[in-house]
Amino acid sequence: MADASMPRGVPAVAAIDQGTSSSKAVVVGADGRVLGRSSVGIGRADPAPGWVEQDANEIRESVLAALVTVLDSVDVELVGIGLSNQRESAVIWSRRTGEPLGPVLGWQDRRTADRVRPLEESGWAARIRAKTGLPLDPMFSALKYEWLLDQVDPDREAARRGEIALGTIDSWLTWTLTGEHRIEIGNASRTQLLNLETLTWDGELLDLFRIPPVCLPRVSASAEATAALIDIPGVPRGTSIHGILGDSHAALYAHGVRAPGQVKATYGSGSSIMGLAEVDDRAGARVLDGLVTTIAWADPVPAFAFEGTILSTGATLLWLAKILGVDPAQLSTLAQSVPDTQGVDLVPAFAGLGAPWWDESAVGLVSGFGLGTGPGHLARAAFESVALQTEDLFAAVEERLGTPIDTVLADGGPSQNDWLMQVQADLSQRRVVRSNIAELSATGAAHLAGVSCGLWTADECLRLPRDRSPFDPLMERSDADARRQTWRSAIERSRFQPAIPRKQIDT
């Protein structure tokens, strides 16, 4: 029930962050404070190696439960709702019954990897990247849509009759909550089907992936209000979703980034960096080598962004904790028990290397160890690999954009480790400013929704309080340069695969 000390009847927006492991909800008041929060966990299935599935109905129910719970905890005047969501995950459902026709294929799902090589050999990779800003990869939704359709409608007859709907998580939730079949443009840009020049579904790519256009949702602006929500306990009649953003995009919005020049780093199982990109009016968004181009949001003019993805950061720490037989929470203490790695480097190329290398053939390795190497050195090397991989991306962005990055905005679970953020500042020789807001993506969606429905102006939104902690470099620049050089040598060894002479093989 509502807290008796809570201001009563204050205008507020609610926002949901539908993530891979949970659905979180917050209520944000007109002063920018989070007045209430709730979270509902969801499951996932891994029925085969590389397969990641979730239940679309469970996702919907978790969102409703989180929203009803948080609204029951406060006494506010709800003026609008925001939504952020996991990106690239694909949903298929029946337009007639509204029921899912298959599992949600999670963004991590790799079951379509065998489809990539024939497309590459046919010369499609470069053309797809030029049209969509994205590399040809199973992570994006297009190959997932194709696979789902192949299971339930291999000849596409039902799809062409308009009986089947496809969408990302925001599409599914908008459909189930309002009855509209639409997709927010930033999420649409992650499907590998949106043409970045025309900002519409690309007919050539729809033909390539055998996806009838009638299956796909209408592309909408991020701040375009939906129809009113269908009856939900605690939600006033006529309430709409006023802002929708992909989760990483929502975090960037919550940081207060509205123009090129600032870069966000999000730390998780893997990590990513994102920043708004300069746009050439004649050529559209610049596609940067080693990075991807995406649409951050449209309000209503599209803001383009660059993004780079690191495949293993937090997951590296969990892996090493298991190998060393320690609790993951103790790994940081172990790493801080030694002053340096004693020459050890750990390159976590468990599934190759992501940005800026994008090298599937790279192998994981530990190098520079000796008889004096102990668990603390390995633990420190693992934490430093998080910071050094992230710095590789900062350096790539600087090189390709030609502009310096002096300050980095940080968020995500591992970023709450003060020592790791200091290591990042030291090895990068940049100021790191960490957000202390746990529900950053939900907050970003709330901010956009609040601007869209008139709770704040755009300028007032930028002046809302943002709880942050700064970390300035304490390491000498020459020492940081030397450490990055040994890391770069380890990366080169990870990527270098010498041919094995036939004589050795025969022996």
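C453 is partly exposed, since its relative accessible area is 25% and this class lies between buried, under 20%, and exposed, over 50% (1.4 Å probe, protein chains only). The structure is a predicted model, in which local features need pLDDT of at least 70 and side-chain atom pairs count only at pLDDT 80 or more, while totals for chains, interfaces and linings use all residues. Residues are numbered from 1 along each chain as its sequence is written, and side-chain values use heavy atoms, with hydrogens and water left out.

With a disulfide taken as a pair of cysteine sulfur atoms within 2.5 Å, the count comes to 0. C453 is in no disulfide, and the nearest cysteine sulfur, belonging to C461, is 11 Å away. C215, at 0% relative accessibility, counts as buried.

Next come the helices, which are DSSP runs of H or I with at least four residues, numbered from the N terminus. The axes of α11 (residues 328-335) and α12 (residues 375-401) come within 8 Å and cross at roughly 105°; these axes are lines fitted to C-alpha atoms over the stretch in contact, with angles from 0 to 180 degrees between N-to-C directions. α11 is therefore roughly perpendicular to α12, a label for angles of 65 to 115 degrees. L331, S332, L334 and A335 of α11 meet P375, G376, A379, R380 and F383 of α12, where contact means heavy atoms within 4.5 Å.

The largest nonpolar core has 44 residues, such a core being a set of buried Ala, Val, Leu, Ile, Met, Phe, Trp, Tyr and Cys residues joined through side-chain atoms within 4.5 Å. Its largest share, 10 residues, comes from α12.

Definitions and conventions:
Helices (H or I, at least four residues) and strands (E, at least two) are DSSP runs, numbered from the N terminus. Angles under 35 degrees count as roughly parallel, over 145 as roughly antiparallel, 65 to 115 as roughly perpendicular and the rest as oblique.
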